[in-house]
Amino acid sequence: MTIDGTSESAPVPGERTGDAHEGGFRTDMMISVDRGGPRYGEFIEKVREFMDRARAAFPSEELVDELIDELTVVNAKLAAVEINEWESPSGTRIDLPARGNITLPPYLVDKAGDDGVRARVTFTRFHLGGNNAAHGGYICTAFDDLLGMTSALATGKVTRTAYLTVNYRSITPLNTELTVSTSIVRLEGRKIFVAARMTDGDRLCAEADGLFIALNPGQP
């Protein structure tokens, strides 16, 4: 699989392959960067901004009533164009931070190969744990997604997390560009042992080790 998610034998965009579990890092499927149109990335950033604003806001009762009405209209518009996970732009737009997936902390990939991944991630107000530090759960989420990418690129197969251990070494700040570096520790059959580090400059914020399992054909 290439860094842009394409392959020579890829089927028509949006078409599912024989496997029923292509996953977020598809190894034999063309991933369109046109889904959602040229402003889809801007839309995702506005959603991220809303999540940050909602996390930080102390709205009045009147504003809450107003926002509920406005969000009801917005949600109805989005519900009218809901689609299956295989064709949704969210999670497949590999040209956008975190593939356009708002459930992930936004990260940008600088290097991705069969030996590991290097990315930049920034936690924002939505990811607040307390005292201007990132929530440990979101740190774990970033590790899990990037290690999933690592295992998929190393094997060319869809993988699932078997275990993930995270050690928090120092405060992980918000609104700071952090570096995540992943590596393959070893491969044992379908088992992929991986490791990762998250740093703020020279300071180690957190590190992780995990085991991912390459799925058999048809395995959910």
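Buried means under 20% relative accessible area, exposed means over 50%, and partly exposed covers what lies in between (1.4 Å probe, protein chains only). This is a predicted model, in which local features need pLDDT of at least 70 and side-chain atom pairs count only at pLDDT 80 or more, while totals for chains, interfaces and linings use all residues. Residues are numbered from 1 along each chain as its sequence is written, and side-chain values use heavy atoms, with hydrogens and water left out.

**Overview. The protein chain has three helices and eight strands.**
Helices (H or I, at least four residues) and strands (E, at least two) are DSSP runs, numbered from the N terminus. Read from the N terminus, the order of elements is α-α-β-β-β-β-α-β-β-β-β. The protein chain holds 220 residues, and 36% of them are buried.

**View 1. Two aromatic pairs turn up in a search of the whole structure.**
One of them joins Tyr 40 and Phe 43 in a tilted arrangement, with 5.7 Å from centre to centre and 50° between the planes. Rings of Phe, Tyr and Trp (its six-membered ring) pair if their centres lie within 6.5 Å; planes under 30 degrees apart are stacked, over 60 edge-to-face, and the rest tilted. Helix α1 (residues 40-56) carries both Tyr 40 and Phe 43. They sit three residues apart, about one turn of the helix. Are the two partners buried or exposed? Tyr 40 is buried, because its relative accessible area is 11%. Phe 43 has 37%, so it is partly exposed.

**View 2. Phe 126 and Tyr 138 form a tilted aromatic pair.**
Phe 126 is partly exposed because its relative accessible area is 25%. Tyr 138 is partly exposed too, at 23%.

**View 3. Lys 46, Glu 49 and Arg 53 are linked in a network of salt bridges.**
Side chains of opposite charge can pair when their charged atoms come close. A salt bridge is a side-chain nitrogen of Lys or Arg within 4 Å of a carboxyl oxygen of Asp or Glu. By this rule the structure has 12 salt bridges. In the bridge between Glu 49 and Lys 46, the closest N and O atoms are 3.7 Å apart. Glu 49 and Lys 46 both lie in helix α1, three residues apart, or about one turn of the helix. Lys 46 counts as exposed because its relative accessibility is 52%. Glu 49 has 32%, so it counts as partly exposed.

**View 4. A salt bridge joins the side chains of Asp 95 and Arg 93.**
The N to O distance is 2.8 Å. Which kind of cover does Arg 93 have, buried or exposed? Arg 93 is buried, because its relative accessible area is 3%.

**View 5. Arg 203 and Asp 200 form a salt bridge.**
Their closest N and O atoms are 3.0 Å apart. Arg 203 is partly exposed, with a relative accessible area of 32%. Asp 200, at 24% relative accessibility, counts as partly exposed.

**View 6. Glu 61, Glu 62, Asp 65, Glu 66, Asp 69 and Glu 70 make a negative surface patch.**
Patch residues have over 30% relative accessible area and no salt bridge; like charges are joined within 9 Å, nonpolar side chains (Val, Leu, Ile, Met, Phe, Trp, Tyr) within 5 Å. Lys and Arg count as positive, Asp and Glu as negative; His and the chain ends are not counted. A charge is placed at NZ of Lys, CZ of Arg, CG of Asp or CD of Glu. Where in the chain is Asp 69? Asp 69 is in helix α2 (residues 61-79). Asp 69 is exposed because its relative accessible area is 53%.

**View 7. A nonpolar surface patch covers about 640 Å².**
Accessible areas come from the Shrake-Rupley method with a 1.4 Å probe; for residues, only the protein chains shown count as cover. The patch is made by Phe 43, Phe 50, Leu 63, Leu 67, Leu 71, Val 74, Leu 78 and Val 81. Helices α1 and α2 each supply at least two of its residues. Which element gives the largest share? Helix α2 does, with five residues. Leu 67 is placed in helix α2. Leu 67 is partly exposed, because its relative accessible area is 32%.
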